[in-house]
Amino acid sequence: MHNPRDTASISAVDPAAGSAASPAQSPSDDARWAVLVGRLRADSGGLVDEFVERVRRIAPYGRGLVPPDRLVTDADLTFDHLLRRIAGQDVPERLAHVGETIGRDRARRGVPLNELLSAVRLDFRVLWSALRDRATPEERDVLVARVEQVWAVVEDYTLQIQSGYQEEAALLARERHGERTALVGELLGSEDPDPDQVERVALALAVDVDGDFLVAAAHAASGAALRRAAEALAAGGRVVHVQSTGAHSVLIAAWQGATGAPVRAALDGVPCGVGPLAHGLANVPRSARLATEIASVTSGPGPVEPADAWLPLAAGRLADTAAELVDSVLSGLAAALPGERERLLETVRAFAGSGSVKEVAERSFCHRNTVLNRLRRFTVLTGRDLTRPADAAVVLLALAAAR
């Protein structure tokens with residue numbers, strides 16, 4: 001930046017450098033401004049030194065996130081760019097995209113955006129301080145008149161850096177999300193995850209490999225509701241990842257504290273299956289498989305936990321024997337009168353849920369004797385007495401399989 005290429009432009013306007021201007025002439029404000037800026041360009045190394053000294057007081061720079069040689073090079077290019085612009089000169093192609101390049105570099109190095117912008121806005125302070133120090137008494141008026149111009153140039157440059165940073169940060173976020181998605185997909189597909197594989201996922205998600213994890217699965221149609229729940233959990237400070245597996249979406253969230261009511265509250269309104277709390281990331285695949293299975297065999301307006309899903313889970317796992325179970329237990333209902341079968345099954349399900357004839361009668365708006373008669377009729381037709389636990393278990397399993 002400091003080379004003979006600038007000498008001609010300086011001497012063309014600076015009387016001390018050989019200008020032909022007559023002492024009788026009063027140079028224009030533009031000419032006086034060009035002289036002042038040219039004087040600063042001739043000694044721009046001081047700007048770089050001052051900027052670097054100040055910027056190292058900002059924490060990320062003080063920790064060395066940006067190497068010293070890179071910091072100096074970027075500062076040199078920055079002040080070359082800014083001085084040309086405030087002087088009203090064309091910016092060459094090699095300097096046209098300096099701001100975007102610096103922004104992208106700082107995003108890749110992990111410099112937080114606020115700290116980056118604080119560093120960039122030091123440019124104005126350093127520039128203005130140097131201009132003020134070098135201005136002669138006769139140039140003070142033109143210096144004051146140009147303050148808004150200098151500020152506008154620095155702010156525009158700041159916006160270029162910010163834009164480059166945000167574009168690169170978005171790109172990095174997409175890349176990281178893609179990496180996380182690939183790694184989590186491999187983990188969920190593993191029956192017995194390799195410890196190295198688990199460690200890679202932990203690093204990608206930034207979680208403790210031995211921590212506890214909430215795992216839930218929802219049908220693809222309920223994926224949006226599951227993602228909204230994930231966003232709420234993330235807003236509360238939890239690490240959350242949602243993985244699409246095709247027919248389902250799986251939520252994995254770092255979890256501390258109690259389960260039960262807190263889990264139901266976190267997933268309120270999301271039709272999904274909830275797996276057992278995974279103790280350690282290596283246990284997430286098993287929990288996810290169970291959560292997905294629960295989501296496949298249950299339906300409802302909210303989350304279903306394993307404790308409420310064992311019957312449909314067991315029925316679902318009967319596979320090709322389910323039809324035989326249903327037939328052996330419920331085939332006698334074929335002899336029921338028209339409409340009677342539905343009333344009997346409704347009463348059986350209600351009684352199995354509460355075990356109270358009185359409660360079933362109140363809910364069904366009928367006399368308790370009607371409930372007793374229906375239960376006896378069911379026993380006559382099927383040979384199964386719901387007051388006997390073994391019979392009740394088989395009937396409930398058959399009813400679950402029939403669905």
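Analyst: The model is predicted. The pair is helix α3, residues 45-55, and helix α5, residues 68-86. Their axes come within 9 Å and cross at roughly 125°. An angle over 145 degrees would count as roughly antiparallel, and 65 to 115 as roughly perpendicular; α3 and α5 are therefore oblique to each other. The crossing of α3 past α5 is right-handed. On the α3 side, the contact is made by L47, V48, F51, V52 and V55. On the α5 side, L71, V72, A75, D76, F79 and L83 take part. Sorted by class, the contact has 10 nonpolar residues, 1 charged residue and no polar ones.

As for context, an unreviewed UniProt entry annotates residues 46-180 as "domain: RsbT co-antagonist protein RsbRD N-terminal". That span, residues 46-180, is 81% helix and 0% strand, with its end C-alpha atoms 46 Å apart. The UniProt annotation "domain: PucR C-terminal helix-turn-helix", also from an unreviewed entry, covers residues 344-401. Over residues 344-401 the chain is 81% helix and 0% strand, and the end C-alpha atoms lie 17 Å apart.

On confidence, the mean pLDDT of the protein is 88, and 93% of its residues reach 70 or more. Residues 1-25 have pLDDT below 50. Beyond near neighbours in sequence, the stretch of residues 1-25 has 27 contacts in the model.

Note on methods:
Residues numbered from 1 in each chain as written. Predicted model: local features only at pLDDT ≥ 70, side-chain atom pairs only at ≥ 80, totals over all residues. Heavy atoms only, no water. Axes fitted to C-alpha atoms, helices over the stretch in contact; angles between N-to-C directions. Helix = DSSP H or I, 4+ residues; strand = E, 2+ residues; numbered from the N terminus. Parallel < 35°, antiparallel > 145°, perpendicular 65-115°, else oblique. Left-handed = near helix turned anticlockwise from the far one by under 90°. Contact = heavy atoms within 4.5 Å. Nonpolar A, V, L, I, M, F, W, Y, C, P; charged D, E, K, R; others polar. UniProt positions renumbered as here; feature names shortened; annotations may be inferred. pLDDT = per-residue confidence, 0-100.
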